[in-house]
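Me: I am new to this structure and would like to go through a few residues. Shall we begin?

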Amino acid sequence: MKILIVNGPNLNLLGTREPEIYGTVSMEDYLNRLRTDFPSHQLEYYQSNIEGEIINQLQKDEFDALIINPGAFTHYSYAIADCLKNIRKPKVEVHISNIYKREEFRQKSVTAANTDAVLSGFGMEGYRLAVLSLK
């Protein structure tokens, strides 16, 4: 199974960005661990700070399942929400922090309704749980 993992804005800074919220492990290091733990899956990774680039990547349709952490786009990107609505493959939204324990504006996801599941607050392990759910 080819699983595309997409991260949105500022998630390129994982490992150094607000470590008290997001931890100290970079996405590249965590992705290496995932690839070791799930050798039967092809895990592809894409990150962008630009909304349209994320949509372009999703519309390529070169995956069997999707794990997406839209970052701040979670809360206001109807464009990404519309794109997700048209993807007919399994898809899981992941949030490293528990968005429901954060600022009020972070507690609403406009993208979640167009995914099959949401994992929030499990730290980087949310990505692992998402892969397990897609098996």
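Me: Leaving aside neighbours within four places in sequence, which residues is Asn7 in contact with?
Reply: This is a predicted model. In it, Asn7 is in contact with Leu14, Met27, Tyr45, Tyr46, Gln47, Ser48, Ile54, Asn69 and Tyr127.

Me: Is Asn7 buried or exposed?
Reply: Asn7 is buried, because its relative accessible area is 0%, and the cut-off for buried is under 20%. Asn7 belongs to strand S1, residues 2–7.

Me: What does the side chain of Asn7 make a polar contact with?
Reply: The partner is the side chain of Tyr45, at 3.1 Å.

Me: Changing topic, where does UniProt place the feature "binding site"?
Reply: The unreviewed UniProt entry places this feature at Asn69, His75, Asp82, Ile96, Ser97 and Arg106. These residues span 38 residues of sequence and are also spread in space, with up to 24.0 Å between C-alpha atoms.

Me: Which of these residues does the lining of the largest pocket include?
Reply: The lining includes Asn69, His75, Ile96, Ser97 and Arg106.

Me: Where is Asn69, and what does it touch?
Reply: Asn69 is in strand S3, which covers residues 65–69. Not counting residues up to four places away in sequence, Asn69 touches Val6, Asn7, Gly8, Leu11, Val94, His95, Ile96 and Tyr127. Asn69 is buried, with a relative accessible area of 3%.

Me: And where does Ser97 lie?
Reply: Ser97 lies in the loop between strand S4 (91–95) and strand S5 (117–120). Ser97 is buried, with a relative accessible area of 9%. Beyond residues up to four places away in sequence, Ser97 touches Ile21, Arg102, Ser120 and Gly121.

Note on methods: Residues are numbered from 1 along each chain as its sequence is written. This is a predicted model: local features need pLDDT of at least 70, side-chain atom pairs count only at pLDDT 80 or more; totals for chains, interfaces and linings use all residues. Side-chain values use heavy atoms; hydrogens and water are left out. UniProt positions are given in the numbering used here, feature names are shortened, and annotations may be inferred rather than shown by experiment. On a 1 Å grid over the protein atoms alone, a cavity is a set of points where a 1.4 Å probe fits but cannot get out, and a pocket is an open set with protein on both sides within 12 Å along at least five of seven lines; lining residues have an atom within 4 Å of a point. Helices (H or I, at least four residues) and strands (E, at least two) are DSSP runs, numbered from the N terminus. Buried means under 20% relative accessible area, exposed over 50%, partly exposed in between (1.4 Å probe, protein chains only). Contact means heavy atoms within 4.5 Å. A polar contact is a pair of N or O atoms within 3.5 Å; within protein, one must be able to donate a hydrogen and the other to accept it, and residues adjacent in sequence count only if both atoms are side-chain atoms.
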